[in-house]
Amino acid sequence: MPNVAHALSARTPKAPSIPTSRGRWPWVVLLVLLLAALTGVLKGYQLFQGTMVLCYAIALLGLNMLTGYNGQISLGHGAFFALGAYAAAIAMEHGGLPYWLAVPAAGVACLVVGYLFGRPALKLEGLYLALATFALAVAMPQLLKYKHLEAWTGGVGGIVLMKPDAPFGLPLSQDQWLFLYALAVTVVMFVIGHNLLSSGSGRAMRAIRDHAMAAEAMGVDNPHYKSMTFGISAAFTGVGGALSAIAVQFVSPDSFTLFLSISLLVGVVVGGLGTLWGAVFGALFIMFVPSFAESISKAAPWAVYGVVLIAIMFAMPGGVVGLLRSTAARWQRRRAAP
Amino acid sequence: MNEFLHQLLAGLATGGIYASVALALVMIYQATHHINFAQGEMAMFSTFIAWSLIQAGFPYWGAFAITVVLSFVLAAVIEFAVIRPMHNAPVLSVVVVFIGLLVIFHSLAGFLFGYTIKPFPSPFPADAWYGGSLMSAHEVGAIVVALGMVSLLFVFLRFTPLGLAMRAAAQNAASSRLVGINVGRMLMLGWGLAGAIGAVAGMMVAPVVFLDPNMMTGVLLYAFAGALIGGIDNPIGAVLGGFIVGVLENLLGTYVVGTELKLSVALVLIIVVLIVKPSGLLGKTIVTRV
């Protein structure tokens with residue numbers, strides 16, 4: 001009997017090992033501690049840039065959840081970023097909420113709005129959803145400037161916010177405390193996102209992306225999962241927007257134009273669709289490549305940005321994470337080959 | 001009543017412009033089943049080319065003709081160089097490439113021609129016989145041009161062998177290749193036509209809203225709405241949809257929501273159409289077997 005079993009196992013090919021993140025936890029903790037230690041070293045403006053990268057990373061995680069893991073293309077997530085920013089600003093300015101309550105409140109508000117948008121969007125597929133969300137992104141600045149909402153949104157002038165001081169009298173500057181706070185929020189959101197995506201719900205989301213009809217046949221409640229994913233994705237992006245509002249200390253309608261939505265989509269695709277780390281790489285891309293493009297050509301930086309974009313689509317369709325994974329796989333194969 | 005009529009006709013005038021851009025969008029959709037998000041910026045870039053030709057001393061119609069030809073060539077080259085290699089890529093990568101094109105054209109226009117607002121001449125003289133108190137000569141001219149373009153296109157696609165080949169290539173590339181149609185060349189032709197139509201649309205818009213790199217962003221949204229309402233695979237539907245959107249935008253903007261929320265009107269229109277009748281008024285409803 002053992003001979004047969006051995007023969008059987010020799011003939012069936014070994015299933016490719018799905019990369020688990022269980023072995024990577026120590027490295028992630030080390031990275032977070034390293035970033036926390038950086039607050040002592042970096043200067044004010046660099047800390048601000050770091051905080052913005054973290055905000056974008058959370059927002060991109062949200063968009064990645066919707067587009068990478070669930071297959072619904074959204075060209076309008078800038079609108080949810082704006083909603084989160086404005087929700088936090090209004091909560092802090094008119095509602096008197098402290099910043100650490102305003103950020104979750106903004107997340108909840110965006111969850112509701114995202115779900116309400118996602119429900120009718122169930123009927124839209126692919127390009128049509130892209131079109132509808134494109135319209136949302138273009139219409140959002142005008143909506144924010146609407147004069148009947150001016151009492152709340154501050155109209156064209158927007159709302160000015162104050163950066164919070166470090167609590168309990170800690171010897172940290174405002175920038176340092178905000179960076180640490182953003183880091184903490186980022187870690188929390190990524191842990192939530194990771195747990196959600198590796199759970200049964202995450203598998204349902206991916207099943208819908210890969211083949212919606214088959215998923216429904218297997219018992220996945222498509223309408224529920226699709227609209228909930230929209231809501232959760234909007235919530236994540238809203239939290240990112242709320243944090244960015246506090247970092248920039250200012251919200252105005254013209255900070256959230258179509259180009260923001262475009263940047264978010266670009267970040268997700270360049271970082272790597274359907275991956276968690278893609279959000280981080282994408283955030284680094286949208287934060288630093290525009291200034292890099294400007295250093296190449298002062299007159300037409302966006303043209304360089306567009307060329308870089310197209311080149312990346314040609315060279316690494318799987319994004320940065322896709323490139324890293326394929327390089328790692330090639331290296332592994334080379335090691336394993338006799 | 002006179003006010004209502006005035007708003008209705010003004011809506012038709014802007015609708016003519018949306019109809020032209022919607023026509024270009026439908027052209028590309030019919031040829032390649034992609035929605036060209038960069039259409040507005042390409043049209044704006046072509047209009048800038050026309051402007052610089054006029055500045056260099058060319059007469060209007062000479063500059064018009066040269067611009068149309070140049071836009072045709074430019075769009076065909078873009079299809080060959082940028083879009084064709086991506087024809088097997090997932091939808092999202094193609095969308096990102098379109099966005100890249102949008103950004104490149106927008107920035108190049110600003111870099112080459114500057115961001116200041118420039119006036120653009122209209123070929124229809126202000127005191128022409130067809131102008132009147134309710135509609136200016138240019139508005140009438142823009143509508144006539146839009147209708148003329150769609151008729152020419154309809155005749156071309158319906159009654160010429162080349163048009164038939166184009167429709168065949170769009171509908172079933174594999175079978176068309178078997179019959180001997182050069183599908184690649186048909187795609188380039190489709191894009192080239194869209195580029196030319198976009199250039200004409202841009203030159204009709206520019207006298208009204210003045211020429212600057214941001215000219216087409218709002219127009220593009222209305223053109224999308226128009227193309228969707230009329231049916232994204234039907235040129236006549238696109239033009240009809242463009243006029244409907246123009247009229248609705250103007251009437252709703254004047255009587256219902258106020259002019260500040262006009263873009264939101266387009267947003268709501270798009271969503272309602274996509275939910276209620278995604279194939280549009282004149283489009284074909286596609287039924288797929290599972």
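A: Helices (H or I, at least four residues) and strands (E, at least two) are DSSP runs, numbered from the N terminus. The model is predicted: local features need pLDDT of at least 70 and side-chain atom pairs count only at pLDDT 80 or more, while totals for chains, interfaces and linings use all residues. Residues are numbered from 1 along each chain as its sequence is written, and chains are lettered from A and ligands numbered from 1 in the order in which they are written.

Of the 27 residues of helix 8 of chain B, 21 are buried, so this helix is largely enclosed by the rest of the structure. A residue is buried if 20 or more other C-beta atoms, placed from the backbone, lie within 10 Å of its own, exposed if 12 or fewer, and partly exposed in between.

Directly after helix 8 of chain B comes Phe210(B), whose phi is positive, near 65°; Phe210(B) is a residue other than glycine. Phe210(B) belongs to the loop that joins helix 8 (183-209) to helix 9 (216-230) of chain B. Because Phe210(B) has 13 C-beta neighbours inside 10 Å, it counts as partly exposed.

The largest nonpolar core has 217 residues, and Ala88(A), Leu23(B), Leu25(B) and Ile270(B) touch the most other members. Helix 8 of chain B gives the most to this core, with 16 residues. Such a core is a set of buried Ala, Val, Leu, Ile, Met, Phe, Trp, Tyr and Cys residues joined through C-beta atoms within 7 Å. Beyond its neighbours within four places in sequence, Ile270(B) is in contact with residues of both chains, including Leu131(A), Ala135(A), Phe224(B) and Leu228(B). Contact here means that two C-beta atoms, placed from the backbone, lie within 7 Å.

Chain B as a whole has eleven helices and zero strands. Buried residues make up 52% of its 290 residues. Among contacts in chain B with a separation of 6 or more, 74% are between residues 24 or more positions apart. Its C-alpha atoms fill a box of roughly 55 × 50 × 35 Å along the principal axes.

Chain B also meets chain A, in a contact that takes 35 residues from chain B and 39 residues from chain A. On the side of chain B that touches chain A, helix 4 (91-113), helix 9 and helix 11 (262-276) of chain B each supply at least two residues, and helix 4 of chain B gives the most, with 16 residues. By class, this side of chain B has 27 nonpolar, seven polar and one charged residues. Ala, Val, Leu, Ile, Met, Phe, Trp, Tyr, Cys and Pro count as nonpolar, Asp, Glu, Lys and Arg as charged, and the others, Gly among them, as polar.
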